[in-house]
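Please look through the model below before reading on. My notes follow as numbered points.

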Amino acid sequence: DKLRNTKGEMLQTDDKSEKRMGLLLEQCITLALMNNLSIRLAVFPDRKLEQDVSVARAIFDPNLAANVDYRDSTSQATSRLQAAGQNEEQNMGANLSLSKKLEDGTEVSMSWDSGRRKTNSPFFIINPVYSATLAMEARHSLSKMRGRDLNLAELRQLEHQRAAARCQLHSTINSVMYQVVEAFLNLRQQDANLNIQEQSLEQVKELVEITRKRMLVGRAVEAQLIKDQSQLARQKEELIVTRASREQACDQLLQLICPDPEERPDPSRLEALLEIPKVLERKINFSNLSRSARHKRPEVLAMLCQMRSQDLALRLARDGVKPTFDVVAGFGLSANNGTFSDAHSDVGTLDYPVYT
């Protein structure tokens, strides 16, 4: 709201008033940052990389999956052990699994399977038969993608790229601010030059009038009048050039703060107002300046982020040529019974374990 009010105050003009409107540096910078297209375009890479970072971080989130299937099949009998004519079979199953990838590369998973099978074959002891299975598995790499640093490398790369994009955004903002300050001070200088030229023109006009009066009393010659009139013509010419320079400086500033020509105020009614503070002289330590630049300049920070991202890419490339050698451990429990409840309760008896 404050930015909108500032923009509204700047764009207000009164056709009946000939007084110039004061233009503050803070207002110019505010409008330039609001309306600059380069800043708007620099925001999108940061937003996109923010989403990419969230996607890369989601790899380490738990993954919960569920699956339900039903199968009903009828086939021709091909063996004496099958029922005469046709072999009918119905299968129903449900699966619930939970898996997670750890930052060191270890993958752990746990699944629960429940099923029902019914057939017209007379050779099954239990028909229909209900099954229940609980399985757990862990997989860890001993060679490729081993360690927390490598598994987080892709995420760290995106974070460095996002930091570099944000530094580029800050660099663009700083560049726009520098341009506004330069254009603002140029306009202020042109206003001062125009004021000096107008005062000089008035003085030359007074000088011409004085020379004419002196000619009437015989105290001056016509050559002196011609000389003063020539100086007046040159002064008018310099005033025209100064006004043109002032309009050019004002247009340059308005292009930065108001890209749309229809929204720009009247340049002739704008005046740069700035109280330049006195800068205290101090002893400059160039080593401190260099250290400060390395830690604060967005251009330098962006380059450092790009270097870190390239280092991680190099480590990933080196790791990619290694052979894959994993160690896998698994444990499971299963049970079969004629009712759903009995099959699932038999899993807890640990009578039918499976080790891998």
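1. C28 is buried, at a relative accessible area of 0%. Buried means under 20% relative accessible area, exposed means over 50%, and partly exposed lies in between, with a 1.4 Å probe and protein chains only. C258 also counts as buried, at 2% relative accessibility.

2. Keep the source in mind. This is a predicted model, where local features need pLDDT of at least 70, side-chain atom pairs count only at pLDDT 80 or more, and totals for chains, interfaces and linings use all residues. Residues are numbered from 1 along each chain as its sequence is written, and side-chain values use heavy atoms, with hydrogens and water left out.

3. Now the whole protein chain. It has nine helices and eight strands. These are DSSP runs, numbered from the N terminus: helices are H or I with at least four residues, strands are E with at least two. Of the 356 residues, 26% count as buried. The chain exposes about 24,400 Å², and carbon and sulfur atoms supply 53% of that. Such areas come from the Shrake-Rupley method with a 1.4 Å probe; for residues, only the protein chains shown count as cover.

4. Next, contacts, meaning heavy atoms within 4.5 Å. Take the contacts between residues at least 6 apart in sequence: 71% of them join residues at least 24 apart.

5. Which strands make up the open sheet, and in what order? Its six strands run β2-β3-β4-β5-β7-β8, with antiparallel pairing. β2 (63-76) and β8 (353-355) stand at the edges. Each has a single partner strand, so one side of each is left without a neighbour in the sheet. Two strands pair if DSSP finds at least two bridges between them.

6. Strand β7 (residues 326-337) pairs with β8 in the antiparallel sense, over three bridges. In one place, G332 has V354 of β8 as its bridge partner.

7. Finally, a helix residue. E202 lies in helix α5, which covers residues 153-216. Is E202 buried, exposed or partly exposed? Partly exposed, because its relative accessible area is 44%. E202 and Q235 are 33 residues apart along the chain, and their C-alpha atoms are separated by 9.6 Å.
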